[in-house]
Amino acid sequence: MTTDHRNDPSTLIRRMGLPAGQGRPVVSPLQTSVVYDVESPDMLDAIYEGRESGYIYAREAHPNADLLARRIDAMEGAEGGIVVGSGMAAIAAMAMGLCNAGDHIIGGDQLYGKSLKLMREDLPRLGLETSVVDVSSPDAVEAAIRPETKLILLEVVSNPTIRVADIAGIIALARTRGIKVAIDNTFTTPRGFRPFEHGADIIVHSVTKLLAGHSDVTLGYVVAKTGEDRAKLLAASQTFGLTASPFDCWLAERGLFSFDLRYDRAEENAARLAQALSEQAGVLRVLYPGRADHPDSARAAELLAGRNGNMVSFEVAGGRDAANALVRAMPDLPFAPTLGDVGTTLSHPCTSSHRGLTPEARAAIGITEGFFRVSVGVESIDSLIAEFIAGCHAAAQVAG
Ligand SMILES: *Cc1c(COP(=O)(O)O)cnc(C)c1O
């Protein structure tokens, strides 16, 4: 007679598993197991060789990451994407998985701050050549292309200056030269822009932002169009250990359920807030892609087709003193340098995301002491506008 030690109450060390019964849980279970108990060595072979599906070790794959990845795949019209520990992990997987020492990468000069640092400092340290150029101009991109150019990394709408890249022009250039184009779709999200439909080869996301949407997880996503590239991304993620936490994946999946609703409401709020800001004394300019006064309004209309998103930037007169007055007059609004939260957040790039730049370098891209970026959330628009009017009045008073 054999004894099932797992059901022997004196054997506390052996796991028992959840009691089974009729009825399946409606909510996706959170699977924190790092290791999986497999039936035999033959079965291990079968799983590693892809003849059977299954999990073995969580750094390589786990169900909560896969479930989240399948949902983002569906939103992007992609297949086989992977979820990793952060947006930067997604970009790192791309660079380390798809490039070799000696390859050259071109990036937009207004990429997310840490992406820029990666381009300027870290990739060169590892033997990759990089150039950062103005991606509103295909000529600037063309001038930077070398025989070794492998990849071009773009964001559709730049942060915090809200410029719109010439995606069509750059993809056309890249096509004829066999260069891959990667789009960081964090800002635009698949509701605003679907990179594969525009000819991109790779999509990356900081899931941390709008997709998860509650400022309580750090995650990234990366997918490539070809199976060969996807295998390289997965291998890089597994080897460099870019793994996502199951709990973060579980929270992000929950966040996604309301993504469409949050996005639509935040976008509607953003357009109205942009208009209200433009009517305030002391506001020098407002940047929102849907506005006729936007510097790239024609390109924005073509690429975004009216899905202008939730990000608004604006500039008040009066320098740092006015900026302090504005923030202090809105004590209930989180003054926090993040974006994509369900609630509105305000940031001051000069003292946060772009503080590492010289004042001259900031001025060159229009980031002055009076420049603010708003990640618009889903609150009642009337109270939000009232808060910003109070802030703008306080700034205008200081500015004189
Ligand atoms: C935040 C952000 C990233 C980095 O994402 P993390 O999840 O913070 O690592 C990359 N690109 C853009 C556009 C971002 O806003």
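Tutor: A crossing is right-handed if the near helix is turned clockwise from the far one by less than a right angle, and left-handed if anticlockwise. The crossing of α3 and α8 is right-handed; helices here are DSSP runs of H or I with at least four residues, numbered from the N terminus. The model is predicted, so that local features need pLDDT of at least 70 and side-chain atom pairs pLDDT 80 or more, while totals for chains, interfaces and linings use all residues. Numbering starts from 1 along each chain as its sequence is written, and side-chain values use heavy atoms, leaving out hydrogens and water.

Helix α3 covers residues 87-98 and helix α8 residues 227-240; their axes come within 8 Å and cross at roughly 110 degrees. Axes are lines fitted to C-alpha atoms over the stretch in contact, with angles from 0 to 180 degrees between N-to-C directions. The two helices α3 and α8 are therefore roughly perpendicular to each other (65 to 115 degrees; under 35 is roughly parallel, over 145 roughly antiparallel and the rest oblique). On the α3 side, the contact (heavy atoms within 4.5 Å) is made by Ala93, Met94, Met96, Gly97 and Leu98. They meet Asp229, Lys232, Leu233, Ala236 and Phe240 of α8. By class, this contact of α3 with α8 holds seven nonpolar, one polar and two charged residues (Ala, Val, Leu, Ile, Met, Phe, Trp, Tyr, Cys and Pro are nonpolar, Asp, Glu, Lys and Arg charged, and the others, Gly among them, polar).

A backbone N or O atom of Gly87 lies 2.8 Å from a ligand oxygen atom, and a polar backbone atom of Met88 is 2.9 Å from an oxygen atom of the ligand. Lys209 places a polar side-chain atom 2.8 Å from an oxygen atom of the ligand.

Helix α14, residues 381-399, packs against helix α10, residues 259-278, at an angle of about 30 degrees, with the axes 10 Å apart. Consequently α10 and α14 are roughly parallel to each other, and α10 passes α14 in a right-handed crossing. From α10, the residues Asn269, Arg272, Leu273, Ala276 and Leu277 meet Ile381, Asp382, Ile385, Phe388 and Cys392 of α14. Seven nonpolar, one polar and two charged residues make up the contact of α10 with α14.

Helix α14 also packs with helix α12, residues 319-328, at an angle of about 150 degrees and with axes 7 Å apart. The pair α12 and α14 is therefore roughly antiparallel, and again α12 passes α14 in a right-handed crossing. Here Asp321, Ala322, Ala325 and Leu326 in α12 meet Gly391, Cys392, Ala394, Ala395 and Val398 in α14. The contact of α12 with α14 has seven nonpolar residues, one polar and one charged.

Conventions:
Polar contact = N/O pair within 3.5 Å; in protein donor to acceptor, adjacent residues only side chain to side chain.
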